[in-house]
Amino acid sequence: MDAGLIGLGGMGTGLAKSLLRAGHRLTVFNRTRSRAEALQANGAIVGATVAETCRSGIVLTMVADDSALESQVFGDGGILASLPRGGVHISCSTISIALSDRLTAAHSGAGQEFVSCPVFGRPEAAEAGRLAVVAAGPAQVVNRCKPLFESFGPKLLVVGEKPSLANVVKLSGNFLIASVLESLSEALAFARKSGVDPAVLTDFLTSTLFDAPVYKIYGGLIVAGNYDNVGFALPLGLKDIRLVMQAAESQSVPMPIASVIRDRFLTAIARGNANKDWSALGLIAMEDAGIPRTAGKS
């Protein structure tokens, strides 16, 4: 297929490489042009503007937050003004339910289609085509775009025709990941201070009771203490917890654990860790337990 991609951070670059490897013709755009130019060796075409990147009639976006996506869609020469009638905007970003609904209405009013397609996985999984993908939007449009989604990974869930349903799934999943981060951090701090090797404990638990990728990946990151290897930054984790809490409040759904996790992210950032991976909740649990930072790596 012929498509454009806007947003080339770690995840966007990974998506681009997977799309190109699958044989799709891809035009890429990023405000820092060098990131787009770096993909020319993979076969990408560098778009000079958002409008040029929308020329094929299908454009994917992978940006950090609501504000970044709004600037790309609604700004002068943005996606809304640049896509042709019948064109498709596929948002892969983790955004609010409210913005997803607003984008659905705006694109419909312009005679365009909007599909929400958030993904689960870190940048290395995006590059390797191992993401879990959630899509929602008009059935005929989702079916048309399936070859793009299937480039991202082996698991695709089509959750319905209302695009924001995919954002509900994404926010629910990220809330659960954050819950795992906090509970793992507390358990490993307890084990370490009690004299149990956290690496041994993690290996045992993730090969028995908790034999799941999220425990294996993040348990390993917390044990290693390599929080400077950022796959998903702490402020983005805080942003996602705030989004799920806002959406839950609008539905009168209490989420007390989410409130605790929000405060843990705030604590981590207040202690100077804003540039670290969100698995740095492990560092906060150790600090609270009085364990020296030098004990954080094994």
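# Pockets and surface of a predicted model

Student: In which helix does Leu165 lie?
Tutor: The model is predicted: local features need pLDDT of at least 70, side-chain atom pairs count only at pLDDT 80 or more, and totals for chains, interfaces and linings use all residues. Residues are numbered from 1 along each chain as its sequence is written, and side-chain values use heavy atoms, without hydrogens and water. Helices (H or I, at least four residues) and strands (E, at least two) are DSSP runs, numbered from the N terminus. Leu165 belongs to helix α9.

Student: Why does Leu165 count as partly exposed?
Tutor: Buried means under 20% relative accessible area and exposed means over 50%, with partly exposed in between (1.4 Å probe, protein chains only). Leu165 is partly exposed because its relative accessibility is 34%.

Student: Which residues make the nonpolar surface patch of about 200 Å²?
Tutor: Patch residues have over 30% relative accessible area and no salt bridge; like charges are joined within 9 Å, nonpolar side chains (Val, Leu, Ile, Met, Phe, Trp, Tyr) within 5 Å. A salt bridge puts a side-chain nitrogen of Lys or Arg within 4 Å of a carboxyl oxygen of Asp or Glu. Areas follow the Shrake-Rupley method with a 1.4 Å probe, and for residues only the protein chains shown count as cover. The patch is made by Leu157, Val159 and Leu165.

Student: What is the volume of the largest pocket?
Tutor: A pocket is an open set of points on a 1 Å grid over the protein atoms alone, where a 1.4 Å probe fits, with protein on both sides within 12 Å along at least five of seven lines; lining residues have an atom within 4 Å of a point. Points are joined across faces, edges and corners, and volume is the space filled by probe spheres set on them. For the largest pocket, that is about 1100 Å³.

Student: Which element gives the most to the lining of the largest pocket?
Tutor: The lining has 45 residues. The top contributor, with 4 residues, is α11.

Student: What value is phi of Ser252 near?
Tutor: Ser252 sits in the loop between α12 and α13. Most residues other than glycine have a negative phi. Ser252 has a positive one, near 55°.
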